[in-house]
Amino acid sequence: MLSGCRTVALPLAALLLGITLCLHAASGDLVSGPTDKVFFTGASVQLPCTATAFGAISYLWSYNNSASPPTWLVQCGDLNSGDVCIVNPTPSHSGYFRCVAESNSQVLGNQSGLIQIIKAIHFSPTPQDKQVLLGHSAILSCGIDTQLGSAATLSWWFREASSAVVEVQTSITVTIKTNNDLVFGNIQDVHLGQYFCVASNAAGRVNVSAWLRTANSRKPTVQGSGPSVQVASGGVLVLDCKISGTPSTVSVTWYKESQLFQEVIPHRQILTNHSLRITDFRAIDQGSYKCSAMNTFGTTESSTSDVTLATTTGDSGSSSSSTNLIIGLCAGGAGGIMLIALAIFLLRKPGKKDSGIRATNVRVLETDMPAQSFGGRTGSVKVGFNRKSQRSSLEQRMSRTFSDTTELIRDLPEGDAGDITEALG
C-alpha cells in the first residue's frame, strides 16, 4: 500500500514542479526600459525596452499617458526587442514615454522616463587654424550662439605628443578670456599642435578643433642605427633613435619584433636622448628593433635594426701556438742554412794564416812520428790536412743537421709540416 502511494506521489511532485517553473518563466522580467535623458535635435533617438519570458512577448508604448503611441515613434533595433526610435527629434517631441511588456496576457513589467529634446549646440565663432612664429602671440576664438542652439559651458583641450587629449592649463603665457578666447602671449615649441573647443550640457559634449603650427611644422623624422648590428655576448648594445622636426616635443616608443618593448628587465633602458641601451647582452636580446616618434602632427618609425650575437673563433690559442711554432722553425732553419753557407764560403778561401798552421803541424808531426816500414820502405811519415777530407767531413755534418730538421718537421701535424717544408724550399 505504502509502495503504491510513493509510485503516485513522485510523478505528481514532478508535475507540480514543472507547472511552477512554467508559471515563473511566464511571469518573466523587464530587463530594460526608457529612463530620464536629454538629447540634441538632429540625431535619431533610440528608446530601449526589453524583457525575458517563456512565451512570446509583446511591447506596448505610450506617450504622455496616451492610449496609443504617436506615429513618429517607430520600431527599430533588434526585432526581438521592443526598442523604438524618434527619427528626426525636435523639442516638441519631449515628454514621458512608457513601455509595458506582456507575455501570455501576463504583464512582465513596465517602465517610463522623461525624454527631453533640446536644440543642438551652435558654435559661433569657431576656432580657425593659425600659422604662427615662435615667440609671437596668437588667439584661438570659440563661442556658442544660444539663439540658434542650446546653452552650454565651454572648455579648451589640447592633444599632446602622446596623442592624449588633456585640458589646457593656463599660465603666464597662456590665458582664457571671459569670452572663451584662448590667448598665447609667447608661443613656444610646446604650444604647437591641435586644440579643441568643447561645449557641454545635459545632452552631452560636442567639440570643434583648430591647429596652431609654424611654417615648418610637420611630423618628426627618425634615423636608426642601420639594418644589421652585432654585439658580443655580455657586451653593451646602444641603438640610436635620432629625431628631428618641429615641434621637437615627441613621444618615443621602442618595439622589438613589432611588440611594445619592455624596460622592466634591469639591463634594458631607454635613455634621455631616446636611444635604447642594453647591457650584458644575451641571446634572448637578439631580434628586430625599431623606434617610433610621435608629435602632435603625426608619427614616424625608424627602419628596422636586426641585432644578433657576434660570432667568435674557437680554439684560437691552439691556432696561435701552431703559427708561432711554424714561424720559429722557419726562422731557425733559415739561420742554420745561412751559417752553413758561411762556413763553406770561408773554407773555400784559405788565407796565409791557414797555411802556416798546416805547415807547423806537419813539422811537429814529422818530428814526433818514428820511422816505420811501409811495404819495404822506411822513412818518416808526413802528416797534413787534406782539403778534400775536410769538405767531406763538413758535408757529413750538414747532412746530419738537415736529416735532424727533416725528422722534426715529419713529427709535426700534416698541415704545419707542409707549410714549414715550403718555407725552407
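Does Phe 158 count as buried or exposed, and at what relative accessibility? In this predicted model, in which local features need pLDDT of at least 70, side-chain atom pairs count only at pLDDT 80 or more, and totals for chains, interfaces and linings use all residues, Phe 158 counts as buried at 12% relative accessibility, where buried means under 20% relative accessible area, exposed over 50% and partly exposed in between, with a 1.4 Å probe and protein chains only. Residues are numbered from 1 along each chain as its sequence is written, and side-chain values use heavy atoms, with hydrogens and water left out.

Confidence is described by pLDDT, the predictor's confidence in each residue, from 0 to 100. The protein chain has a mean pLDDT of 78, and 67% of its residues reach 70 or more. The pLDDT is below 50 over residues 351-388, a stretch that has 18 contacts in the model beyond near neighbours in sequence, a contact being heavy atoms within 4.5 Å.

The largest nonpolar core contains 25 residues, and Trp 156, Leu 182, Phe 184 and Tyr 195 are those with the most contacts inside it; such a core is a set of buried Ala, Val, Leu, Ile, Met, Phe, Trp, Tyr and Cys residues joined through side-chain atoms within 4.5 Å. At least two residues of this core come from each of strand 2 (37-40), strand 11 (138-140), strand 12 (153-159), strand 15 (182-184), strand 16 (193-201) and strand 17 (204-213). Another core, of 17 residues, lies apart from it and has Trp 61, Tyr 63, Ala 101 and Ile 115 among its members.

A search of the whole structure finds 7 aromatic pairs, for which rings of Phe, Tyr and Trp (its six-membered ring) must have centres within 6.5 Å, with planes under 30 degrees apart counted as stacked, over 60 as edge-to-face and the rest as tilted. The ring centres of Tyr 63 and Phe 97 are 4.8 Å apart and their planes stand at 45°, so this pair is tilted. Because Tyr 63 lies in strand 5 (residues 58-63) and Phe 97 in strand 8 (residues 95-103), the pair ties together parts that are 34 residues apart in sequence. Tyr 63 is buried at a relative accessible area of 15%, and Phe 97 is likewise buried, at 0%. The rings of Phe 158 and Tyr 195, with centres 4.7 Å apart and planes at 35°, also form a tilted pair, which links strand 12 to strand 16 across 37 residues; Tyr 195 counts as buried at 3% relative accessibility.

Arg 268 is found in strand 24 and is buried, with a relative accessible area of 11%. Its side chain makes a polar contact of 3.3 Å with the side chain of Asp 285, a polar contact being a pair of N or O atoms within 3.5 Å, of which, within protein, one must be able to donate a hydrogen and the other to accept it, while residues adjacent in sequence count only if both atoms are side-chain atoms. Arg 268 and Ile 278 are 10 residues apart in sequence and 4.7 Å apart in space, C-alpha to C-alpha.

Key: Helix = DSSP H or I, 4+ residues; strand = E, 2+ residues; numbered from the N terminus.
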